[in-house]
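User: Could you walk me through this one? I'd like to go over the helices and the sheets.

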Amino acid sequence: MNSLDFWEKYSMISTSSSFADNAGKPKKCKFCKNQEPKVSFKNIPHIIPELLGSNNVIYQSECDTCNSTFSKYESHLAVFLRPYLTLNNVKGKKRVPKFHSRKDNKGTTEVISNEEGKREMHFNQNLDDFQIDEENKVMHVNFRKTPFKPRYIYKAIARIGISLLPEPQLSFYNHVCEWIKTNNDDLTNFLPHAFITIMTRKKFKSPFANLYKAKDLVVDNEELPDLTLVLGFANVVIQIFLPYSTEFDKIHNDNRNLSINLFPAFAWDDLQNKSSVKITSIDLSSNETISQDQKIRFSFQDIEKNI
Ligand SMILES: [Zn+2]
């Protein structure tokens, strides 16, 4: 993969760091297209869910009904990302979330970060969730996540992309708006993967989301998904490609390949101590509830043990 490719092929069209909310009156929902007073707009929707870190990126164009659907997706996103949120001390709306594992037939493992960034881990009877290498000061923890629906995670992230989409382009994504807010899935053609980079040195102070658009939908004999969203918080960068627009469907030709250009998030990190970079691809296609374990390795300075 050549990291220059991304910048040759995509340019940023919207970002949470300079987002201007141009909602008119009456307010209209970007997703269900209903206006007030048919639907209410009492909630204050955040473009970037607060579970990724407190932020003020709010907007008006999401009605309370759609907002409550998206809240459900976000609770699945929170489960999926909780190991990162806890380990990085990411303070959401109220506090840094605790990690509680599934019970399975063992018991619960709990990980807590306090305000000073100290971590407490309670393994109860589950010592096999946890391996420690004192000599190298490295710890491996197996996070047995509570169940979640991968499709909801994709939709929670795609929702951020649609929220950032400038109004004139929204008309190419009406089917996507409809698809995101609908629960009984599902017939939209999309690339169901999240591409995740974990940085070792860099940590973002607050979460952000950038939306990029392909400069050309066809390059040589390849087609490019029109929109890609890059979401960053703590030391995590997640990229997804939004479902294809109606413009893309028009040019689509089965004889061409799809060109997937990954965002070079590792360029933000300290590359001097690294010989390779890793981008993990996670399949979010399943609309079934799944249980998943995630092993995370991290280094530590001091440890106190109470066994
Ligand atoms: Zn709505």
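Analyst: Helices (H or I, at least four residues) and strands (E, at least two) are DSSP runs, numbered from the N terminus. The model is predicted, with local features needing pLDDT of at least 70 and side-chain atom pairs counting only at pLDDT 80 or more, while totals for chains, interfaces and linings use all residues. Residues are numbered from 1 along each chain as its sequence is written.

User: OK, which residues of α3 meet α5?

Analyst: From α3, Lys155, Ala158, Arg159 and Ile162 meet Val176, Cys177 and Ile180 of α5.

User: And at what angle do α3 and α5 pack?

Analyst: The angle between α3 and α5 (residues 174-181) is about 140°, and their axes are 10 Å apart; axes here are lines fitted to C-alpha atoms, for helices over the stretch in contact, and angles run from 0 to 180 degrees between N-to-C directions.

User: Switching to the sheets, what is the strand order in the six-stranded one?

Analyst: The order is β1-β8-β11-β12-β7-β14, in an open sheet with antiparallel pairing, where two strands count as paired if DSSP finds at least two bridges between them. Because β1 (10-15) and β14 (280-283) each have a single partner strand, they stand at the edges with one side left without a neighbour in the sheet. From one strand to the next the twist averages 25°.

User: How many bridges join β1 to β8?

Analyst: Five bridges join β1 to β8 (residues 208-214), and the two run antiparallel; within this pair, Tyr10 stands opposite Ala214 of β8.

User: Which helix packs on that sheet?

Analyst: Helix α3 (residues 150-164) does, touching β1, β7, β8, β11, β12 and β14, and its direction makes about 105° with that of β11.

User: Now α2: where is the kink?

Analyst: A kink of about 65° lies at Leu81, shortly before Pro83, the bend at a residue being the angle between axes fitted to the seven residues ending there and the seven starting there. After α2 comes Asn89, whose phi is positive, near 60°.

User: Is α2 enclosed or open?

Analyst: It is largely enclosed by the rest of the structure, because 17 of the 24 residues of α2 are buried (20 or more other C-beta atoms within 10 Å of the residue's own, with C-beta atoms placed from the backbone).

How values were computed. Contact = placed C-beta atoms within 7 Å. Buried ≥ 20, exposed ≤ 12 C-beta atoms within 10 Å, placed from the backbone.
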